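Here is a short report on one structure. Please keep the sequence and the coordinates open while reading.

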Amino acid sequence: VDEAPHTDQPLIPVWRAEVRRFLAGHLRPRNESSRPSPVALFAGRSQEQEREALTPAREWQRVKFEAGYGAIGLPAERGGRGLGPIYQRVFDEEERAFEAPERPMVLRISVYLVAATLAEYGTPQQRARFLTPLLSGDIIACQLFSEPEAGSDLAGVRTRAARVGTPVAGGPAGWRVTGQKIWTSGAQFADYGELIARTNPDVPKHKGLTAFLLPLRGPGVHGVDIRPIREMAGGTEFNEVFLDGAEVPDELRLGDEGQGWPVALTTLSIERNLSATSDRPGATAARLVEAARRLGDDLEESAREPIVQAYLAERAREYFGAWLDAKYPSGGVPGPDGAVAKLMWLSQLRHTTEAVNRMYAGSLIADDGTEGSEWAAHVLGAPGFRIAGGTEEILHNIIAERALGLPPEPRPESARSRGAAS
Amino acid sequence: MTALAAPTPEQEELRASARKFLAERASLDDTVRLAGSAAGYDEAVWRIMGEQLGWPALLVPDEYDGAGASFAELSVLLEEMGAVLYSGPFLASAVLTTTALLCCGDESAKRDYLPRLAAGDLIGTLAVYEDNGRHDPSQVRCRAARSGSGWRLDGTKTLVLDASVAGLLLVAARGDEDPGLFAVDTPAAVAAGTAEVVTLRVMDDTRRLSTVTLRGCPAVSVGPSGAGLAVTLDLAAVALAAEQVGGAQQALDDAVAYAKTRWQFGRPVGSFQAVKHRCADMYMAVQGARAVTAHAIATAAASTPGQQPDRDLGHASSLAKAYCSDAFFAVASENIQVHGGIGFTWEHSAHRYFRRAQSGRVLFGDPSWHRRRVLAAAGLSEQR
């Protein structure tokens, strides 16, 4: 079954061999003495440590991009290889066998979410200007989606972008943006943000949004204040972003005016599918099995069930991904399927937390320097992913309403966003 | 990671025609109506499947008058049959018996039986379990003793599918040396009093299960069992998983359809998140079941039936059976819950899916057996 999805694409084993040759030319293969990938879900680093981790990751991204592996799934004329999603999966699988620099979250967002969205919605000029630097890691872009009053109800964003007739930084005419964004991973390192802002408060809330690529740093940037938020697991991957008259030229508008919602949905759908199939190689079911084997006769009988459940959930997720690859050979997974993939991953996380509780007990809550204590960071990170990129509840709504056609809850608010109107 | 193939146009066509035929001739209403009859299923429909549709011939190779298709085509039918809880002897005859002969049978046994099984003229079944039906083919105690040119069997088998309607019973038994598979002409043995078939009172009456007691029952050796029997049971579990996907999808569809039309508090109950989230979880369970089954079917289709143990198949099979059994059971349970009171009535179909799901969890290996195998394949065998 190792066949190519299209006749003009390489056979999977041929691709795998090519990828392996490339990786072997640049990286050391993993072996027993390699440091195992961390099991933590959030890196738990300080800002300074985050910055240090980003440098080798960007260098490695550049090497990959220059060799044609930077964005395997994007069309060739848009900086990619024009190969189906299975080729990226195989690449990631092979990369895990080598000591590659880990990909910090902001780089994943920049390359896989923002660049992919730009490849789809960007004008030819925007693509020409941004795709190469984004895909090579030269510049970094974050998302500017959630707000304090627009979490699950993302379409209710209140941040306003208003047209200004006078020239703005970098362009002859543009927009001035005022509002507050939150939970923006990596904003502190980002050059640009994929911004969803309200441009028309007088139409139904989904229709009054527009997307922009907002400059966050560099000469001429003002009215942008980025403040880190420390998350519950201890690290500071995300931020609050205060926008006070920040300027964006009209040529950095992403999609048409009023088209912000479909642009956001595109990014979110990629995000859900990505977090489900993502390169967090640490906390695999195989890792749980290894740990259980090392415990030997000390393994509690009751730990076996959550281990097998985590393993089943992981396989379901893997085969579901392969099934989507077969169903959508050119990518573009629809929203409900992205939600299913994400929920399958969350199910794995839940079982993993249960398994390490049954395996390790005390080491989990008091650092005794043993393997069990490493899993504390995993347990502390798991609640975050039940929320990030669409809460479990929102994902259930997406599946129920869009895959099953169940009616939405009646919404008491008027068709117009109260936030936008106020 | 395995690449999965999208369905071929031929498979899509097979699915559409199977769905149409089953809806017209073997709907759940028909099945319920015939459950108490002598045969327990519609024999005329079975004859059409054999003579006109060629379904029992799917897995049989060309040289034995079969269609030479793969597990991928078979699974399409099984899914559709699972959706309507089809009660004819397809699983016992066209899957279990046919696969057992392909995996264990010597050339003469294949020539004797496969063409008739393919035509649907002969209904076969496989008797493996003893005592309480624990799924461990290595624990077979049924004895086979040489008698002239043939054999005589002594022992009791249980949870035998469709033994009451089968002309051919393949029995796993222990000879002087290696365990083997032996063919019994069931009607003749019952008439002679060397075999007794007792139909069991079952939770799911769309599947007939029997105890078969053999007392000096004449039999013909068809070949060694051993690894071939293990492969047969692995393939049976994959087949059952495919059926479970179909059943789970139907139970989900029923629940969703009801949630859209049943109104309470002035709105469809499916607009309440408490209900719609339940439905979304059911959908997720079905999608997961589809995915692991697609993988198991691809593995089964790539394997060659024979005497060699197939580790990939064993792994994929236990994974699919463990996952789909749980998924179908969860979805069938939630289907009742979404329906509320009406879902707990005898007249409603919901309990039939629940019964089929519960029965399927245990058949061909219970949840504990398949979990042990999944963990062993993942690298964690039992310690003590």
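## Around A:Arg253

In this predicted model, A:Arg253 touches A:Gln126, A:Trp175, A:Thr210, A:Ala211 and A:Phe212, leaving out residues up to four places away in sequence. A:Arg253 sits in strand 8 of chain A, which covers residues 253–254.

A polar atom of the A:Arg253 side chain also lies 2.9 Å from the backbone oxygen of A:Gly255.

## Extent of the A–B interface

The size of an interface is often given as the accessible area lost when the parts come together. Between chain A and chain B, the buried area is about 4,200 Å². Carbon and sulfur atoms give 68% of that area. Three residues stand out on chain A: A:Arg304, A:Tyr319 and A:Leu404. They supply 16% of the area that chain A buries against chain B, more than any other three residues.

Counted by residue, the contact takes 47 from chain A and 46 from chain B.

The side chains of B:Arg371 and A:Glu305 meet in a salt bridge, with N to O at 2.9 Å. Across the interface of chain A and chain B, 13 residue pairs are in polar contact, with both residues at pLDDT 80 or more.

## What chain A brings to the contact

Helices 3 (85–95), 7 (285–295), 8 (304–327), 9 (335–360) and 12 (392–403) of chain A are the elements that give two or more residues to the side touching chain B. Helix 8 of chain A has the largest share of that side, with 15 residues.

By class, the side of chain A that touches chain B holds 27 nonpolar residues. Another 15 are charged, and five are polar.

## Nonpolar cores

The largest nonpolar core has 239 residues. Those with the most contacts inside this core are A:Ile307, A:Met359, B:Trp55, B:Tyr86, B:Phe90 and B:Leu153. Which element gives the most to this core? Helix 8 of chain B (residues 227–261) does, with 17 residues.

A:Ile307 has contacts in both chains. In chain A, A:Ile307 is in contact with A:Leu288, A:Val289, A:Ala292, A:Leu299, A:Ala355 and A:Met359, setting aside neighbours within four places in sequence. From chain B, its partners are B:Leu375 and B:Leu380.

Notes: Residues are numbered from 1 along each chain as its sequence is written. Chains are lettered from A and ligands numbered from 1 in the order in which they are written. This is a predicted model: local features need pLDDT of at least 70, side-chain atom pairs count only at pLDDT 80 or more; totals for chains, interfaces and linings use all residues. Side-chain values use heavy atoms; hydrogens and water are left out. Contact means heavy atoms within 4.5 Å. Buried area is the accessible area (1.4 Å probe) that two parts lose on being put together, summed over both. A salt bridge is a side-chain nitrogen of Lys or Arg within 4 Å of a carboxyl oxygen of Asp or Glu. A polar contact is a pair of N or O atoms within 3.5 Å; within protein, one must be able to donate a hydrogen and the other to accept it, and residues adjacent in sequence count only if both atoms are side-chain atoms. Helices (H or I, at least four residues) and strands (E, at least two) are DSSP runs, numbered from the N terminus. Ala, Val, Leu, Ile, Met, Phe, Trp, Tyr, Cys and Pro count as nonpolar, Asp, Glu, Lys and Arg as charged, and the others, Gly among them, as polar. A nonpolar core is a set of buried Ala, Val, Leu, Ile, Met, Phe, Trp, Tyr and Cys residues joined through side-chain atoms within 4.5 Å. Buried means under 20% relative accessible area, exposed over 50%, partly exposed in between (1.4 Å probe, protein chains only).
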